[in-house]
Amino acid sequence: MMTPISIAGVASHFPEQLIDNQYFFDETTGKKPIMFRGSKSRYHLSPEDTSAEMIEKAAKKLSAKLDFDMAEVDIILTHVTLPDLPFTGCGADVAQRLGAKSKWVVDVNSAGCVSFVYMMALAQSLMTTSNAKTALICNVQTAAGRIYSHPENRTNPQASVPGDGCGVALLVADDSRPVKAIVTKCFPEFSGDMTVASNDGRKWWEPGEVPFHIDFSEAKVAKVFARGNRMVPEVIRATCDQAQMKLSDIDALVTNQPNPIFLRNWREACLLPKEAHVQTFEEHGNLFGAALPICLERGLETGQIKANDNVVLAGFSHAGDFAAGAIVEWRAA
Amino acid sequence: MNQENTLEGVEGLRRIESFVPDEMNELCLELTHAVYPHDEIYGPTCTVQEYIDCPPDAVYQYLANLYSLEEWTWSTRNFSAPNAEGVCVGVDALADYTKIHCRVEANPAARTVDYHCAWDQGDELWMVYLMRVIDAQTVLNKPGSVVLWTNCHHPYYDKNPFPETAPKERPVWVGDLWPLFYAGHLVEIQNLKAILEHRHANNLAIGPHVASVEARRGWGKVA
């Protein structure tokens, strides 16, 4: 029997640099990238920004919202797209900044854009098998500023899509705002379909003069697209089944937000009206794993998510190697 | 005349010379949904298709025999011998006292079989069932056939232009069922598959195993 868990609250933090579409125009050729569909702006990390600092700022906002001292938190889980350092994640740095002596500090490096749900499942497992009662789960997307601000990358068609940001949530081991189901599915057969590449062919860690970028091979783009179209509605249905709910019981949907086409397709596949799908793509771009907590917070702020709503959190990662969904009954605090 | 000239003035063309791969990719993503509303796919036309493990010439000959309809369709029965125009009159048992008039136009070289039909009257055979049998060896690299079957949403489906020919107080018009055509035709093409695969697998005569044309003289009177 798993320990019941609830989401006590969420908060976000963004870096200072707000980047508009103009930034991605190629000034030498005057050529306009074609891929601005649905986007107006996104934030970029500057070289001085760190994921640990972003998490600290978001966590302090959350601490104030919930009147909870983060120094007391039992579990810290982080997922950072492109970490501050190789060799180690930022979890220990975060714990130090929060003055926490958490029993569990885990830097997660899998489940990409749906790692928020994955970390919910991990935290629930840790709470079930230990006396931990609280977990701070942290998503930071850093790849926009760290990869796509490079002059050689920024005129790529996909450069304008990612945006940076941080979202954190506090989970508690009780049923005050119950997570009614969590479904996670691994698809290891698709693990090789996303890579990073440099135009000079070097490994990303080898010294070189050109930047690397995320690479979905052209031959596989259509397959990855079809896979994403299918996978997320499937995992949402599986999650509803586990919670013994129907799709029509969903009041609000929060997903990762790779692009407006996926958002449209997932919403259509779940027969949900546009206003039930919380997303911030126009102003934040693709927030990778940070989209879920950031959009959850947005939905609560705008009233798209109301007291007692059934909120579905779902998405898929990378080129389809993982998909997950969760349902939270968003009871009033 | 070169191609540029022949295409001059044609609006809305998207060709690689002026619509580059990046633009095409973008458009294709836009046009590709995870799910499609039923009406969008099956509203203007309704196509079903099936692989059938039976040689294409046998499938063609079976379909080209109008009386096979009595075996594989859900509800058309008791077709008469053909009149001078080749039209047979049967009953569509899905509605009371309903005659169905039907003529086959088949092309063995193309393996196309078109049924031109109508409920109630035979002067205008506007319900057209378009079928094509394809050699599965060619398209799927295996023995057997692929059958494509399309109906187009003729305006008469929406309103019966010959109400005077309909049986009095018949509560349903064939076009009322258009939203269920995909399902109905799917069931029927499954019947077709089951019959032909059974007969082919068991070395039975492909059929149809129905009354002879001679025996049908005088049929076509609906009670």
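The legends below describe close-up views of a predicted model. Local features are reported at pLDDT of at least 70 and side-chain atom pairs at pLDDT 80 or more, whereas totals for chains, interfaces and linings use all residues. Residues are numbered from 1 along each chain as its sequence is written, and chains are lettered from A in the order in which they are written.

**View 1. The second largest pocket is lined by 23 residues.** A pocket is an open set of points on a 1 Å grid over the protein atoms alone, where a 1.4 Å probe fits, with protein on both sides within 12 Å along at least five of seven lines; lining residues have an atom within 4 Å of a point. The space in this pocket is about 440 Å³, a volume being the space filled by probe spheres set on the points. Nearest the centre lie B:S75, B:L94, B:Y129, B:H185 and B:E188. In chain B, α5 (69–72), β5 (112–119), β6 (127–135) and α8 (181–201) each supply at least two lining residues; α8(B) gives the most, with five. Helices (H or I, at least four residues) and strands (E, at least two) are DSSP runs, numbered from the N terminus. The lining comprises 16 nonpolar, five polar and two charged residues.

**View 2. Helices α5 (residues 218–242) and α6 (residues 260–269) of chain A cross at roughly 40°.** Their axes, which are lines fitted to C-alpha atoms over the stretch in contact, come within 9 Å. The crossing is right-handed, with the near helix turned clockwise from the far one by less than a right angle. Contact (heavy atoms within 4.5 Å) involves residues including A:F225 and A:R237 of α5(A), and A:F262 and A:W266 of α6(A). By class, this contact has eight nonpolar, three polar and one charged residues.

**View 3. Helices α1 (residues 51–66) and α2 (residues 91–98) of chain A also come into view, with axes within 9 Å.** The axes cross at roughly 40°, and the crossing is right-handed. Among the residues in contact are A:E53 and A:K60 of α1(A), and A:D93 and A:R97 of α2(A). The contact has five nonpolar, no polar and five charged residues.

**View 4. The peptide bond from B:G207 to B:P208 is cis.** Its omega is near 15°, and B:P208 is found in the segment after α8 of chain B. Most peptide bonds are trans.

Key: Side-chain values use heavy atoms; hydrogens and water are left out. Ala, Val, Leu, Ile, Met, Phe, Trp, Tyr, Cys and Pro count as nonpolar, Asp, Glu, Lys and Arg as charged, and the others, Gly among them, as polar. Axes are lines fitted to C-alpha atoms, for helices over the stretch in contact, and angles run from 0 to 180 degrees between N-to-C directions.
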